[in-house]
Amino acid sequence: MARLAVRDGGEDDMRILVVDAFAADQPGKALLDRGVARLAERGHEIDHVDLVATGFPPFMTEDERRRYHDADNLSCPHVEASVAMARSAEAVLFGYPTTMFTVPAQLKGWLERTMVPGVAFVFDAKQRVRPGLVSVRRVGAITTTPHSRSSMRSTGDNGRRTLMRSFRANCGPRCRRSFVSIHDADLAADPDAATARVDRSLSRW
């Protein structure tokens, strides 16, 4: 986990949590890193969780399952650190390689283990579910994929649904979304065009 940049006090500066599920040798890693560097250059404060490099455990432990609905349901240091950053974030950017038409196992595990009751969602006085990450006003994703657009559409693009709908439902009511999916072959053939797509998407942050 790393933190970049210092906020300059501008009203548009945000604290951004980057959840990175790329391995170091995957082409999408450099693409995400370039986008994050641009955000830092513009004065945003970056909290970076590198799931692969830090060996984030993807599976819930027995203790976590038992305590899932308890008030003290955070028992893993990795999870506690991520939750602290999620609670203070004003934007969340995911980076991941699409795997079997969805998010990879470590990102799925991060979502399941950190987006627990009391964090992702809370209950009001009438026991109705309410968003828990109300300070988050932007959610974005940068993903690379080996799958064609038609095959992604036919399978429902579960990665996009998971992040742009399910995760987004836990955020502030006016939270904006951005999603960039780049085919592996296109990235290999023209990395500059892929970088330009990422820059355009993040230019509104």
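Predicted model: local features only at pLDDT ≥ 70, side-chain atom pairs only at ≥ 80, totals over all residues.
Reader: Which residues of helix 1 are buried?

Author: Helix 1 covers residues 27–41 and has 15 residues. From its first C-alpha to its last it reaches 22 Å, close to the 21 Å expected at 1.5 Å a residue. Its buried residues are Gly28, Lys29, Leu31, Leu32, Gly35, Val36, Leu39 and Ala40.

Reader: Which residue with a positive phi follows helix 1?

Author: Helix 1 ends at residue 41. The residue in question comes after the helix, and its phi is near 100°. That residue is Gly43.

Reader: How many salt bridges does a search of the whole structure find?

Author: One of them joins the side chains of Asp63 and Arg67, at 2.9 Å from N to O. For the whole structure, the number of salt bridges found is 14.

Reader: How many residues apart in sequence are the parts that Glu64 and Arg113 tie together?

Author: Glu64 and Arg113 form a salt bridge whose closest N and O atoms are 2.9 Å apart. Glu64 belongs to helix 2 (residues 62–66) and Arg113 to helix 4 (residues 105–114), so their pairing ties together parts of the chain separated in sequence by 49 residues.

Reader: Are Glu64 and Arg113 buried or exposed?

Author: The salt bridge between Glu64 and Arg113 brings their closest N and O atoms to 2.9 Å. A residue counts as buried when its relative accessible area is under 20%. Glu64 and Arg113 are both buried.

Reader: Which residues form the positive surface patch?

Author: Helix 5 (149–155) and helix 8 (191–202) each contribute at least two residues to this patch. One member, Arg153, is placed in helix 5. Arg153 is exposed, with a relative accessible area of 63%. The patch is formed by Arg149, Arg153, Arg197 and Arg200.

Reader: Which residues gather in the patch of negative charge on the surface?

Author: Among its members is Asp184, which is found in helix 7 (residues 184–189). Asp184 is partly exposed, with a relative accessible area of 34%; a patch takes residues with over 30%, so Asp184 passes that cut-off. The residues gathered there are Asp184, Asp186, Asp190 and Asp192.

Reader: What is the phi of Met100, which is not a glycine?

Author: Met100 lies in the loop between strand 4 (91–97) and helix 4. Met100 is exposed, with a relative accessible area of 65%. Its phi is positive, at about 55°.

Reader: Where is Gln127 found?

Author: Gln127 is not a glycine, yet its phi is positive, at about 65°. Its relative accessibility is 58%, and Gln127 therefore counts as exposed. Gln127 is found in the loop between strand 5 (121–123) and strand 6 (129–131).

Reader: What distance in space separates Arg130 and Ala37, C-alpha to C-alpha?

Author: Arg130 is placed in strand 6 and is partly exposed, with a relative accessible area of 36%. In sequence, Arg130 and Ala37 are 93 residues apart. In space, their C-alpha atoms are separated by 33 Å.

Reader: What distance in space separates Val19 and Leu51, C-alpha to C-alpha?

Author: Val19 is placed in strand 2 (residues 15–20). At 0% relative accessibility, Val19 counts as buried. Val19 and Leu51 are 32 residues apart in sequence, and their C-alpha atoms are separated in space by 7.3 Å.

Reader: What distance separates the C-alpha atoms of Val134 and Cys175?

Author: Val134 is placed in the loop between strand 6 and strand 7 (138–145). Val134 counts as exposed, at 55% relative accessibility. Along the chain, Val134 and Cys175 are 41 residues apart, and the separation of their C-alpha atoms is 8.7 Å.

Note on methods: Residues numbered from 1 in each chain as written. Heavy atoms only, no water. Patch = residues over 30% accessible without salt bridge, like charges linked within 9 Å, V, L, I, M, F, W, Y side chains within 5 Å. Areas by Shrake-Rupley, 256 points an atom, 1.4 Å probe, with all protein chains shown as cover. Salt bridge = Lys/Arg side-chain N within 4 Å of Asp/Glu carboxyl O. Lys, Arg positive; Asp, Glu negative; His and termini not counted. Charge placed at Lys NZ, Arg CZ, Asp CG, Glu CD. Helix = DSSP H or I, 4+ residues; strand = E, 2+ residues; numbered from the N terminus. Buried < 20%, exposed > 50% of the residue type's maximum accessible area, 1.4 Å probe, protein only. Expected span 1.5 Å × (residues − 1).
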